[in-house]
Amino acid sequence: MHRPPGGIRRTARPARAREAALGLLFTLPGLAGLGVFVIFPLFQAVYLSTRGNDILGNPTRSVGLRHFHELLTPAFGTVLWQTLVFTVLVVVPGVLLPLSLAAPMTQRLPGMRIFRTAFALPFAYSVSAASVVWLIMLNPGVSPVNWVLGLVGLPAPNWTTEPGWAMATVVGVTVWMVSGFNLLVLAAGLAGVDEEVLEAARIDGATGPRQFVSIVLPLISPSIFFAVVTTTLTALQALGQVQIMTDGGPNGHTRTLVYSIFDNAFHNNNSNFGLASAQGLVLLVVGVLIAVVQFGVLERRVHYR
């Protein structure tokens, strides 16, 4: 039986409409979460950054760009610099250390499962729990770390109260916390390397360090790039370990941008939400600039298979 073309078109249109409605229905939860947790807070931060506050933090009259003008000070420049230093000092060892551990841990040797579990355990710790544990480990009265240093004749520093050591201590704890997750990511990347490719490289004379640098690193470069990006985000957003271990001290030497936002908005009931929102927008710009550099420069060296 011959059907007119118009009937086919009339039947196809409701089907496409149903598919579009079904697709929209599936995306609604994601769009709702994006609107509630991303878009609305962003517009709220822009609004609050142009408003003054009463003692309870409620927005009052418009102050224009005054909060941004307050950020044009050497003190805030120091905060930005310390944030950059903290991020670099966390990202570089936070990726290189797990990479150096992941390579031997992929070998099929006795006890490697126990070592992999032990080194990945920091990933299971919360920031607050890890910070408290390390505060106890470095407490001058009961510190096992200081005891070991004393055995070898080295002086034990004041880990969280000396300006020269406070930043290094917070950095070290953060590296310890991110290494577990990065170890899992990089070990998975190494486990996915094709043995046939490695065998072909060995036949061509690429063995040892040369094989690792020329063959293995390019093959796991997506995992390395992912670890770099996620560790950068973790370092930029670090707050709990700074607040618990040093409270931004001594004398502001561990005061990072996120801690400064927290200090102005919530610490000691400051409730200066306008200034904190302005700093939050600066953090957004800093994060976007770093992402542009990472995805515009580093990603070009990533070899996707």
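## A guided tour of the model

Welcome! Start with residues 21–43, 79–102, 114–137, 165–191, 212–236 and 276–298, which an unreviewed UniProt entry annotates as "transmembrane region". Keep in mind as you look around that this is a predicted model.

**Stop 1: two of the annotated spans.** Select residues 21–43. This span is 100% helix and 0% strand, and 29 Å separates the C-alpha atoms at its ends. Next, pick residues 212–236, where the end C-alpha atoms are 31 Å apart and the span is 96% helix and 0% strand.

**Stop 2: a helix crossing.** Now show helix α3 (residues 74–105) together with helix α7 (residues 163–191); their axes come within 7 Å and cross at roughly 40 degrees. Because of that angle, α3 counts as oblique to α7. Turn the view and you can follow the crossing of α3 and α7, which is right-handed. Colour the residues of this contact by class: 21 are nonpolar, five are polar and none is charged.

**Stop 3: the largest pocket.** Move on to the largest pocket, which holds about 690 Å³ of space. Its lining has 28 residues, and the closest to the pocket centre are Ile261, Gly280, Leu281, Leu283 and Leu284. Select those five to centre your view.

Which helices each supply at least two residues of the lining? Show α1 (5–48), α10 (221–236), α12 (257–265) and α13 (273–296) to see them. Of the lining, α13 gives the most, with 13 residues. Finish by colouring the pocket lining by class: you will find 22 nonpolar residues, six polar ones and no charged ones.

Definitions and conventions. Residues numbered from 1 in each chain as written. Predicted model: local features only at pLDDT ≥ 70, side-chain atom pairs only at ≥ 80, totals over all residues. Heavy atoms only, no water. 1 Å grid on protein atoms, 1.4 Å probe; cavity = no way out; pocket = protein on both sides within 12 Å on 5 of 7 lines; lining within 4 Å. Points joined across faces, edges and corners; volume = space filled by probe spheres on them. Helix = DSSP H or I, 4+ residues; strand = E, 2+ residues; numbered from the N terminus. Nonpolar A, V, L, I, M, F, W, Y, C, P; charged D, E, K, R; others polar. Axes fitted to C-alpha atoms, helices over the stretch in contact; angles between N-to-C directions. Parallel < 35°, antiparallel > 145°, perpendicular 65-115°, else oblique. Left-handed = near helix turned anticlockwise from the far one by under 90°. UniProt positions renumbered as here; feature names shortened; annotations may be inferred.
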